[in-house]
Amino acid sequence: MTGKTNWEILSFARFILAFIVMISHLEKYSEIGYLKLITYLGFFEAVFGFLLISGLSIGKSISKNKKSYFKRRIQRIYPVYIICIFFQIIVVGIHPDFQSVFMILLNLIFLNQLFTSTSFIGIAWTLALEVWLYTLAPLFLKCKKNTLYNIIYLSFFCYIIYTCGRTFFHWNYYSDTKYGINLILLAFIWLAGFGLAIFPDNKKHGSIVIAALLCGHLALTIGIQILFRIKHHQVSEIINSDIAFFIGTTCCLAFVYVVVVFNHKISPFRTSNKKILNLLGNISYPLYLSHTTTFKILTKAHIRNSSLMILSALVVSFLIYYIFDFYSKKRVIN
């Protein structure tokens, strides 16, 4: 990709996507009122956005410095992740038996979606997927352009087949799969961002592929939902209920596309604004992992005010970042 990368824009996008995920989960714990509109942007589409931005960021990172790549990834991931696991243990608790300890160990080494169909921190199923992709990144970096994009197309084809299977055969949701199936099903969107980063002279093709993947996902999702309504004689619900979701998810993915593909064309911000946006990006990771645990502890305390729950989740994520995220605090972003 030509031009300087505006990392603060990517940071802000990550925070927005984490916020969408948080509000989608908040609905289970509290009345969210007008915040319901945010859920129309799509939980799964936010995950798509995370994976795309992650692929782009990792592609740029490993291209710039291969030697300390794994060290940087470990420093970035583990301190916050371990603290969030401890936080979850304190709030939810575990049985002091072999099975529970083994489950925690599987989660610590990111094999939770390989040998089990659940994650100790529910949302961490996506983190496990990302870590597998981080591990394979040096191999992907060696791929020729055509090889990498063929892998992307194959993964997207598998995603289409599995998504249709979820409708017709009631296969598990992506977070409830095991045997590493998610790596095959969802690698395409991460690799699309990765390809955009490592083949900067092929930006036009990479941008078209990303657009096609996002549009393909939307067409599949909307098509399945419309067929479902027709089958159950609920055509009126397409206008009354589904159209808001269709518009919201389209806007979410369009936002991600612009942030990723046209990142270098977005006007730079003043230094003070960059610091704020980078801070939001830095707390997005602990926010993503810790918000449901925060909601659970507030629910136990009989606190269900949505505004207070959101504020608490943001404060907890900031504290985790400030105390434990040594990598992000010392990182210099040009």
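The lining of the largest pocket is made up of 16 nonpolar, 21 polar and seven charged residues. Ala, Val, Leu, Ile, Met, Phe, Trp, Tyr, Cys and Pro count here as nonpolar, Asp, Glu, Lys and Arg as charged, and the others, Gly among them, as polar. Please keep in mind that this is a predicted model, where local features need pLDDT of at least 70, side-chain atom pairs count only at pLDDT 80 or more, and totals for chains, interfaces and linings use all residues. Residues are numbered from 1 along each chain as its sequence is written, and side-chain values use heavy atoms, with hydrogens and water left out.

**Salt bridges**

- There are three salt bridges, each a side-chain nitrogen of Lys or Arg within 4 Å of a carboxyl oxygen of Asp or Glu.
- Arg 76 and Asp 325 pair at 3.2 Å, N to O.
- Arg 76 lies in helix H4 (residues 69–92) and Asp 325 in the loop between H13 and helix H14 (326–330), so this bridge ties together parts 249 residues apart in sequence.
- Helices are DSSP runs (H or I, at least four residues), numbered from the N terminus.
- Both Arg 76 and Asp 325 are buried, meaning under 20% relative accessible area, with exposed over 50% and partly exposed in between (1.4 Å probe, protein chains only).
- Arg 229 and Asp 242 form another bridge, at 2.8 Å, N to O, and both residues are buried.
- Glu 27 and Lys 36 meet at 2.5 Å, N to O; Glu 27 is partly exposed at 35% relative accessible area, and Lys 36 is partly exposed at 31%.

Terms used:
Helix = DSSP H or I, 4+ residues; strand = E, 2+ residues; numbered from the N terminus.
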